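Student: I would like to learn how to read this model with some care. Could we go through it feature by feature?

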Amino acid sequence: MNPQETDLSAAVQSAYEVLEKSIVHYLGGPVGTIASADPKAPAANYADCFVRDFVSSALVFLLDGRQEIVRNFLQLTLKLRDKQAEIAGHRMLPRVMPASFKVITHPDGREEIDVDFGDRAIGRVAPVDSMMWWILLLQAYVRATGDIEFAHSPDCQRGIRSIMNIFLRDRFEVFPTLLVPDGSFMIDRRMGVYGHPLEIQALFYGALEAAQRLLDPADAENHPVIEESAARLTQLKTYVHDFYWLDLGRLNEIHRYETELIGHDAINALNIYPESIPDWLPGWLPDDAGCLVGNIGPGRMDFRFFSLGNLLAVLFGLASEEHAQRILDVFVGRWDDLIGTMPVKICYPAMEGEEWRLLTGSDPKNIPWSYHNGGNWPVLLWALTGAALKYGRVDLASRAHDFAERRLVKDQWPEYYDGRNGRLIGRRANFNQTWSATALILSHKFIEDPLVLKRIGWLFDREEDAATPA
Ligand code: GLC
């Protein structure tokens with residue numbers, strides 16, 4: 001399917017118009033898409049091309065056979081890493097991927113790229129997820145086009161190796177999960193999501209897997225990275241399975257946990273205090289469903305339900321099939337809370353009162369049931385339909401899609417919605433938000449033919465060769 005087809009719904013056609021208008025050019029070629037074409041956007045950087053925002057645009061382009069823009073983007077962002085400024089007192093800064101970039105055209109026609117590595121972003125947050133999305137996108141590109149030569153080029157190989165070296169390097173860590181600061185992913189503001197947030201772990205898992213497929217085994221320099229990635233992948237999966245999983249059985253265990261235990265075989269290894277179980281949780285978790293908790297650390301379990309982390313865990317296979325089905329059951333069982341009138345709630349429940357004050361730093365954009373703090377984000381629709389269809393849950397996918405399709409055009413593609421059930425357009429939301437539009441296109445494509453999910457290569461059994469086009 002492509003935008004020229006005439007039988008597209010008015011909503012999907014309008015989504016394609018938003019996407020077309022968002023395309024950014026550099027040196028004569030398309031290289032990305034801006035986050036939002038809203039001239040009244042509340043922050044100047046919405047006119048930037050964000051790495052994470054471009055992913056859903058890229059998937060649409062790949063599925064429509066427009067691979068040039070994706071390849072240009074992958075090449076350009078790889079080069080932009082070298083523009084990162086050194087910071088005095090840091091020994092050799094690891095080259096990271098930018099959060100976003102923008103093309104500035106000077107009056108004499110000269111083009112220049114302004115890059116943000118988090119050093120000009122609000123709150124100066126580190127875009128840890130960009131590097132992971134870059135690898136995952138490279139894998140999707142290879143899978144959709146069969147162009148493994150591109151991934152095997154010296155630049156890409158060096159890029160993948162150096163990204164994986166950043167992730168695999170030991171820090172002050174005793175867990176196989178990745179330790180990150182607050183706001184290092186889609187939730188790029190202070191939200192108490194420092195430490196080991198689920199979304200980063202799911203992306204890390206996906207990136208570890210993709211890297212193994214993309215690194216050329218013929219190059220001996222790649223061998224240690226391939227081996228370490230394979231080992232870390234297994235450890236990460238086991239750890240997430242054992243420590244992040246929550247269902248009624250586990251909740252009962254935690255409710256009666258012994259604490260202050262020392263030793264290798266302590267059951268409550270992280271010393272989670274039963275008193276930290278929030279009041280809303282026991283009544284909220286559906287009987288046979290389950291989910292991965294938002295974050296864990298010493299004496300800390302963040303019981304909030306983070307949709308994207310859970311959905312990516314399903315999509316990338318970090319969650320076992322049994323757990324995946326039960327995660328999807330949470331969406332069905334708690335439909336009003338997680339889908340409401342606009343899919344999908346970014347995290348449930350919202351933080352209120354003192355908790356909001358302390359964990360967001362009194363952020364007025366993140367007041368309860370708004371934006372990152374319990375808002376509903378249309379962009380998450382593609383992950384929901386993708387995850388649901390991976391396990392044949394057509395009803396869940398179609399029902400959520402219909403809710404979004406009915407409202408998004410009329411509301412002019414807002415970035416997010418407010419309120420417990422997402423009935424209000426987000427108070428400070430942009431209109432014409434590119435990823436709200438691309439999510440609807442992708443979700444439409446997935447529902448029309450779930451096999452297209454294979455064409456982007458993220459749903460493969462590990463044995464399958466990601467390099468051959470489907
Ligand atoms: C906001 C979102 C972030 C997104 C950016 C551009 O900062 O929190 O995830 O990448 O807007 O849309």
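Student: Why is helix α15 (residues 381–390) described as largely enclosed by the rest of the structure?

Tutor: Before that, please note that this is a predicted model, in which local features need pLDDT of at least 70, side-chain atom pairs count only at pLDDT 80 or more, and totals for chains, interfaces and linings use all residues. Residues are numbered from 1 along each chain as its sequence is written, and side-chain values use heavy atoms, with hydrogens and water left out. Buried means under 20% relative accessible area, exposed over 50%, and partly exposed in between, with a 1.4 Å probe and protein chains only; helices (H or I, at least four residues) and strands (E, at least two) are DSSP runs, numbered from the N terminus. Nine of the ten residues of α15 are buried, so the helix is largely enclosed by the rest of the structure. The buried residues include W382, T385 and G386, and the helix is followed by G392, with a positive phi near 70°.

Student: Which residues other than glycine have a positive phi, and are they buried or exposed?

Tutor: L27, with phi near 50°, is in the loop between β1 (23–26) and β2 (29–33), and it counts as exposed because its relative accessibility is 66%. W369, with phi of about 65°, is in the loop between α14 and α15, and it counts as buried because its relative accessibility is 9%.

Student: Where is the peptide bond cis?

Tutor: Omega is the angle to read here. The bond from P343 to V344 is cis, with omega near 0°, and V344 lies in the loop between α13 (335–338) and β11 (347–348). The bond from Y348 to P349 is also cis, with omega near -10°, and P349 lies in the loop between β11 and α14 (353–360).

Student: What is within reach of the ligand's oxygen atoms?

Tutor: A polar contact is a pair of N or O atoms within 3.5 Å; within protein, one must be able to donate a hydrogen and the other to accept it, and residues adjacent in sequence count only if both atoms are side-chain atoms. An oxygen atom of the ligand is 2.5 Å from a side-chain N or O atom of D53, and one is 2.7 Å from a side-chain N or O atom of D188. For M186, a backbone N or O atom lies 2.7 Å from a ligand oxygen.
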